[in-house]
Amino acid sequence: MKKRPFNQFIAATTLLMAATIFACVTGGPKSAVASPTTDLVAKGKTLTTSFTCAGCHGPDLKGKMGPSLASSGALKKYTKATFERAMNLGIDAMGKPLHPPMPTFHMAKGQADAIYAYLKTI
Ligand code: HEC
């Protein structure tokens with residue numbers, strides 16, 4: 001009888017550890033729904049709206065006054081790095097200046113990467 005509270009403590013601790021390990025292994029309840037990639041793509045899609053790309057590149061970004069930005073269009077010329085350069089410095093994939101009205105943006109690196117990831121999916 002004297003040992004009982006100690007045994008209860010061990011049992012409770014073991015249960016808590018098992019629950020923690022389970023939570024770590026499964027990555028929590030959201031892991032099956034949102035992967036880092038789909039998060040990035042969703043963020044990129046939102047950013048194309050806030051930077052108004054569709055105004056010139058078409059509602060589906062597949063070309064209007066500006067060229068198509070889809071993976072089969074202009075995007076295939078670009079790497080992640082040259083895409084970011086195009087956004088922030090206005091230099092195209094070949095190293096030539098992009099012409100107005102294509103704006104030069106001031107994007108954070110993560111923003112250009114997210115847009116690039118989204119454009120890869122369309
Ligand atoms: C005000 C109109 C306008 C807006 C807004 C705009 N673009 Fe453009 N964009 C253009 C035009 C016009 C060109 C063609 C420029 C050229 O050929 O020199 C272009 C060219 C580009 C190119 C280069 C295409 C190639 O063939 O190399 C990329 C990439 C691009 N735009 C991405 C974007 C993205 C992403 C956004 C939003 C973040 C955006 N643009 C917003 C008008 C716009």
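Helices here are DSSP runs of H or I with at least four residues, numbered from the N terminus. With that in hand, welcome to a predicted model of a protein chain that has 5 helices and 0 strands. Read along the sequence, the pattern is α-α-α-α-α. Of the chain's 122 residues, 13% count as buried.

**Around the ligand**
- The ligand is surrounded by 23 residues, and the closest are Cys53, Cys56, Gly66, His99 and Met102.
- Helix H3, residues 54-57, gives the largest share of this shell, with 3 residues.
- Sorted by class, the shell holds 15 nonpolar, 6 polar and 2 charged residues.

**The nonpolar core**
- The largest nonpolar core has 13 residues, and those touching the most other members are Leu69, Phe83, Ala112, Ile115, Tyr116 and Leu119.
- Two elements give two or more residues to this core: helix H4 (80-89) and helix H5 (109-119).
- H5 supplies the largest share of the core, 6 residues.
- As general background, nonpolar side chains tend to be buried together in soluble globular proteins.
- Leu69 is worth a look in the viewer: beyond its neighbours within four places in sequence, Leu69 is in contact with Cys53, His57, Leu61, Ala74, Leu75 and Leu119.

**Helix H5 and its cover**
- The buried residues in H5 are Ala112, Ala114, Ile115, Tyr116, Tyr118 and Leu119.
- Helix H2 (36-50) and H4 are among what covers these buried residues.
- When you look down a helix, keep in mind that an α-helix has 3.6 residues a turn, so residues three or four places apart point the same way.

**The loop between H4 and H5**
- Gly95 sits in the loop that runs between H4 and H5.
- Gly95 counts as exposed because it has 8 C-beta neighbours inside 10 Å, and the cut-off for exposed is 12 or fewer.

**Confidence and contacts**
- The mean pLDDT of the protein chain is 84, and 72% of its residues reach 70 or more.
- Residues 18-26 stay under 50 in pLDDT, and the model has 2 contacts for them beyond four places in sequence.
- Of the contacts between residues at least 6 apart in sequence, 46% join residues at least 24 apart.

Notes. Residues numbered from 1 in each chain as written. Predicted model: local features only at pLDDT ≥ 70, side-chain atom pairs only at ≥ 80, totals over all residues. Near = placed C-beta within 6 Å. Nonpolar A, V, L, I, M, F, W, Y, C, P; charged D, E, K, R; others polar. pLDDT = per-residue confidence, 0-100. Contact = placed C-beta atoms within 7 Å. Core = buried A, V, L, I, M, F, W, Y, C linked by C-beta atoms within 7 Å. Buried ≥ 20, exposed ≤ 12 C-beta atoms within 10 Å, placed from the backbone.
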